[in-house]
Amino acid sequence: MASGPLQSLIASGTKLWLDSIDPDLVQRNRALGATGATSNPIIIADLIKTGRFDQDLQRLMRDGLKDEDVAWQLTDMLVRQAQKIFLPAWEETTGDDGYVSFELDPLLEDPGLNMPLAERTKKYVELGKKWSAGHRNRMIKVPATPAGFAAMEDLAAAGVTINVTLIFTPRQYSAARDGIWRGAQKRAALAGFKSVYSIFVSRVDVYTEQHVPQLSAAAQGLVGIVNAKRIWHMNRDFWADKRLPLHQEMIFASTGTKKPTDKPTKYVEAFAGSDIETNPPATNDAVEASGLTFTRQVDQMPPAEVLDEIDRLVDPQKLEDVLMAEGIKKFADPQKALLALIAGKRKELAK
């Protein structure tokens with residue numbers, strides 16, 4: 001494997017995953033050392049827009065599938081293709097790496113549908129079992145929402161490998177982890193038990209810039225990193241005495257910078273050295289072009305006075321409330337856009 005910045009990141013102890021299941025990007029990033037990937041409706045929609053999957057769409061439409069079923073069948077197909085590429089990494093690590101994440105229906109969280117909590121929970125369990133059945137290296141993405149939390153114990157007990165997504169605060173992380181661990185302990189054996197917790201980073205810094213402008217220049221832009229590193233510590237401490245064969249890990253997600261003045265490697269550098277980074281393709285490209293050598297930084301914290309200031313000025317509950325409201329919108333809207341895109345494609349391809 002070629003040496004370079006991404007290789008140094010991997011050598012530091014980070015598992016590199018790709019925030020895309022574009023078959024071309026999967027191949028390219030696998031060659032650069034990536035060992036996993038993740039999918040969501042925006043990624044699927046962007047792939048459809050390229051026109052590269054028109055034949056697959058036509059085939060699914062000819063089979064008489066509704067737009068919604070076309071979306072899920074295409075997602076399933078693309079996730080399967082990526083799983084095939086990463087399966088050797090799964091086999092080499094006996095299930096500790098090499099996964100591709102499959103997101104469950106984001107419309108379950110659509111505020112407009114107003115689905116009762118018990119119904120949403122039941123749906124998460126049902127869909128989680130359905131889309132994970134028969135897959136060795138597929139993770140099921142379940143959001144850190146009330147219905148998601150309520151489903152995690154049953155899903156983990158049923159042997160589903162979970163990637164908890166939309167985590168912003170220690171409270172959410174703890175609720176997800178505790179539910180999953182309760183479920184895991186109901187399994188006949190823990191040999192294949194694996195769970196990951198996706199902490200969203202850059203969105204936290206966007207939040208503090210808008211809602212906590214009184215942070216000093218030394219602290220502003222570091223809250224996402226501090227928050228994620230603290231949760232990483234909590235996670236490491238919790239699992240330390242459980243004697244599990246596989247690692248229960250944090251995924252550092254939303255690692256693309258949102259601020260033009262930030263260097264594109266800002267978050268990648270900060271979390272180098274442990275667990276998983278799921279980077280957008282453009283971030284991996286920027287890392288590879290940076291010429292940097294990455295070393296372990298995940299356990300390095302800013303000075304005590306910066307941490308004190310963050311603790312004094314940032315209200316974690318307010319942060320969670322605002323970011324979850326935004327997150328649920330960013331969750332449901334792309335799924336609606338994907339279905340609208342497929343409906344448009346149906347008309348276009350019918351001609």
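## Cavities

On a 1 Å grid over the protein atoms alone, a cavity is a set of points where a 1.4 Å probe fits but cannot get out, and by this rule there are 2 cavities of 30 Å³ or more. This is a predicted model, where local features need pLDDT of at least 70 and side-chain atom pairs count only at pLDDT 80 or more, while totals for chains, interfaces and linings use all residues. Residues are numbered from 1 along each chain as its sequence is written, and side-chain values use heavy atoms, with hydrogens and water left out.

The largest cavity holds about 70 Å³ of space, a volume being the space filled by probe spheres set on grid points that are joined across faces, edges and corners. Its lining (residues with an atom within 4 Å of a point) is made up of Ser 39, Asn 40, Pro 41, Ile 44, Ala 71, Trp 72, Thr 75, Glu 103, Leu 104, Pro 106, Gln 335 and Leu 338. Two or more of these residues come from each of α3 (41-49), α5 (67-92) and α14 (316-350); helices (H or I, at least four residues) and strands (E, at least two) are DSSP runs, numbered from the N terminus. Helix α5 gives the most, with 3 residues. By class, the lining splits into 7 nonpolar, 4 polar and 1 charged, where Ala, Val, Leu, Ile, Met, Phe, Trp, Tyr, Cys and Pro count as nonpolar, Asp, Glu, Lys and Arg as charged, and the others, Gly among them, as polar.

## The largest pocket

A pocket is an open set of points with protein on both sides within 12 Å along at least five of seven lines. The largest pocket takes in about 690 Å³. It has 33 lining residues, and those nearest its centre are Asp 19, Asn 40, Ile 42, Ile 43 and Arg 203. Asn 40 also turns up in the lining of the largest cavity.

Helix α3 gives the most here, with 5 residues. The classes come out as 12 nonpolar, 12 polar and 9 charged.

## The second largest pocket

Next up is the second largest pocket, at about 280 Å³. It is lined by 15 residues, with Arg 236, Trp 239, His 247, Gln 248 and Glu 249 closest to its centre. Helix α10 (residues 223-239) supplies the largest share, 4 residues. In this lining you'll find 5 nonpolar, 4 polar and 6 charged residues.

## Helix α10 and its partner

Helix α10 also packs on helix α13 (residues 304-313), with the axes 11 Å apart and an angle of about 95 degrees between them. Axes here are lines fitted to C-alpha atoms, for helices over the stretch in contact, and angles run from 0 to 180 degrees between N-to-C directions. Angles of 65 to 115 degrees count as roughly perpendicular (under 35 is roughly parallel, over 145 roughly antiparallel, the rest oblique), so α10 and α13 are roughly perpendicular to each other. Contact means heavy atoms within 4.5 Å, and this one is made by Val 223, Val 226 and Arg 230 of α10 with Leu 307, Ile 310 and Asp 311 of α13. That's 4 nonpolar, no polar and 2 charged residues.

With a relative accessible area of 1%, Asn 235 is buried (buried means under 20%, exposed over 50%, partly exposed in between, with a 1.4 Å probe and protein chains only). Neighbours within four places in sequence aside, Asn 235 touches Tyr 173, Tyr 197, Gln 248, Glu 249, Met 250 and Asp 275.

Leu 246 lies in the loop between α10 and β7 and is buried, at 7% relative accessibility. Its C-alpha atom is 7.2 Å from that of Gly 192, though the two residues are 54 apart along the chain. Setting aside neighbours within four places in sequence, Leu 246 is in contact with Thr 93, Thr 94, Gly 95, Asp 96, Ala 191, Gly 192, Phe 193 and Lys 194.

One of those contacts, Thr 94, belongs to the loop between α5 and β3 (100-103). Thr 94 is exposed, with 63% relative accessible area. It isn't a glycine, yet its phi is positive, about 45 degrees.

## Another positive phi

Most residues other than glycine have a negative phi. Leu 166, not a glycine either, has a positive phi of about 65 degrees. Leu 166 is in strand β5 and counts as buried, at 2% relative accessibility.
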